[in-house]
Amino acid sequence: GSVDPTVPITIAAIGNISVTQGASATFNVANKVSGGTGPYTYAISPTGQGVTLNSAGAGTVANNAPVQSRTYTVTVTDADGARATATFTVTVTAVSSGTTVVSSSSQLRTAVMNAAANAIIELTQGNYADADLSGLTKTNVNVRSQTWASNSSTWAHFNGTSSGGDAINLEGSNGINVSHIRITGAKTTGRGLFSANSSTNCSLRRAILTGGGCQVPVRKSRNFKLEYCTLKDCYVDYVRAYEDCDGLEIRRNDFQPHDTVWGHGLHVDFIQFACNSTNTTNNRGTIGCVIEDNKFVETSASGPDGDDVIQGILVLHESILRGAAAQGDGAGDMPSKAHKNFTIRRNWIEGMSATNGIGLNGIDGLSLSSNKLLGNGRIQFYGKMAKCRNATAVNNVAEYAIRLVEKAAGQND
C-alpha cells in the first residue's frame, strides 16, 4: 500500500478474497497495521457493495454481495491524523446452475441456499433426517434423487421417526421443486411428511409418501403442484389445503388406503379444503384449483372408531355451511371469501365409507365432470346453508348416489 512518507504507518498486504454468491467471508485490517499512534480509525471504499469494515478494523463480505470483481481501498488514520492506504480485490462468483450432489439434510439446505436459478441438486442413495428448506427464495431449483431414473427403491429416503414436525419443510419458500424421493413418517396427528404451507411456486412430483399424520399440508400456499405421487397409509389427511391455497394443482396421483389401525375418532380425508368458521379475519377460500386424473381407493368399511367419515375430496367452507354472519355478506349467502373456480374432473374414487366420495360446499364457479365413483361414495352437496354457485356437473358416474343434503330453495344452482 501507499504511505504518507512523513508518518511511519504501514499496512501489510490484506490479500484478495474470492467467494461464491450466497456464502460469506471475513478479513481483518487491524492486525495488518503497524506504526503510528493509536487509537486508529478505519474506512473502506466503495461502500454499498456488501463489503463492510467496522470500527475495530474487522471486515465482512456479506452473503448477499453482488456477483462482481471489485477493488476496495482501506484507509487507516492514527490519533495524530497520519494516514495509510491499502487495496485488495473481492471477487464474488455466481453459483453454477449445474448439478450439485449432497448426502445429508444439512448439506441439502446449504446447497439449496447457494443454488442459482434452474440448478439441480441430487441426493445420494440412503436415509436422510428431517430437512428444513423453509424460508428460501429461489428460482426453479430442482431437488431429486441421484438415482431418479432407476427403480424407486433406490431413491433417497427421508425416514423421520419424530412424532412432530415435518420430514421436509418448505414453509414460506419460493421456487423449489422436489421429485423422485421416498418419505416415511410416524402415524401421529402432529407428524407431517412434506409441508408446503405458505410456499409459492413449489412442487412435489413422483414421490412415495407413507404414514404421517398429514402427508402434504399446503395451507396458504400459492401455485403448488402435487403430481405423479403415491400416497398411502396416512393417519388423517393426505392433502390438507386449509384457507387460501390459490392456484393449487393436484394431478395424476395414486391415493391408496389409509392406516387401518385407528387411535382416535378423527375426520379422515384424502384431500380437504376447509375454512374455519371461527377465523373471521383470514378465512378466505381457495381460488383457482384443479384436481384431475387422480385415483382414490379406500378399503376400510368405516372410519376411526366406526365413524363413517372417510372422504375422497372434501371442499368445505364452514362459515357458509353454518351460515356465519361474520363473513360480511349475511348469514347463508355466498360470501366474497368463498372458494372460487374449482375444476374437479376425471377422478376415480372407490370404496369411500358411505359418506362423501366428493363433498362440496361454498364454491362459486365449479366444473365437475367425468368423475367415476364406485362403492359407497357419493357426490354430495350438503349443509342447509350450502351453495355451489355457477356450477356445472357433466358425465359423472356414482354407483351410490348424487344428492343434495338439506338443500335450501334456489341453492346449488
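The model on the screen is a predicted one, in which local features need pLDDT of at least 70 and side-chain atom pairs count only at pLDDT 80 or more, while totals for chains, interfaces and linings use all residues. Residues are numbered from 1 along each chain as its sequence is written, and side-chain values use heavy atoms, with hydrogens and water left out.

The protein has two helices and 40 strands, where helices (H or I, at least four residues) and strands (E, at least two) are DSSP runs numbered from the N terminus. Of its 413 residues, 49% count as buried, and here buried means under 20% relative accessible area, exposed over 50%, and partly exposed in between, with a 1.4 Å probe and protein chains only. If we take contacts (heavy atoms within 4.5 Å) with a separation of 6 or more, residues 24 or more positions apart account for 65% of them.

On a 1 Å grid over the protein atoms alone, a cavity is a set of points where a 1.4 Å probe fits but cannot get out, whereas a pocket is an open set with protein on both sides within 12 Å along at least five of seven lines, and lining residues have an atom within 4 Å of a point. Grid points are joined across faces, edges and corners, and a volume is the space filled by probe spheres set on the points.

What lines the largest cavity? Its lining consists of Leu108, Leu123, Ala131, Leu133, Val143, Phe158, Ile168, Val178 and Ile181, which by class gives nine nonpolar, no polar and no charged residues. The volume of this cavity is about 30 Å³, and the count comes to one cavity of 30 Å³ or more. The second largest pocket, at about 170 Å³, is lined by 11 residues, with Gln21, Gly22, Asn63, Met113 and Lys138 nearest its centre; by class, that lining has five nonpolar, five polar and one charged residues.

Let me turn to the rings. Rings of Phe, Tyr and Trp (its six-membered ring) pair if their centres lie within 6.5 Å, and planes under 30 degrees apart count as stacked, over 60 as edge-to-face and the rest as tilted. The whole structure holds 10 aromatic pairs. One of them joins Phe273 and Phe342, edge-to-face, at 5.0 Å centre to centre and 75 degrees between the planes. Phe273 belongs to strand E28 (residues 268-274) and Phe342 to strand E32 (residues 339-345), so this pair ties together parts that are 69 residues apart in sequence. Both of these phenylalanines, Phe273 and Phe342, are buried.

Strand E28 also holds Ala274, which is buried at a relative accessible area of 8%. Leaving out residues up to four places away in sequence, Ala274 touches Ala241, Tyr242, Glu243 and Leu316.

Finally, some backbone details. The peptide bond from Gly38 to Pro39 is cis, with omega near 0 degrees, and Pro39 sits in the loop between strand E4 (33-35) and strand E5 (41-45). Asn118, although not a glycine, has a positive phi of about 70 degrees; Asn118 lies in the loop between helix H1 (105-114) and strand E11 (120-123) and is partly exposed, with a relative accessible area of 45%.

Conventions
Ala, Val, Leu, Ile, Met, Phe, Trp, Tyr, Cys and Pro count as nonpolar, Asp, Glu, Lys and Arg as charged, and the others, Gly among them, as polar.
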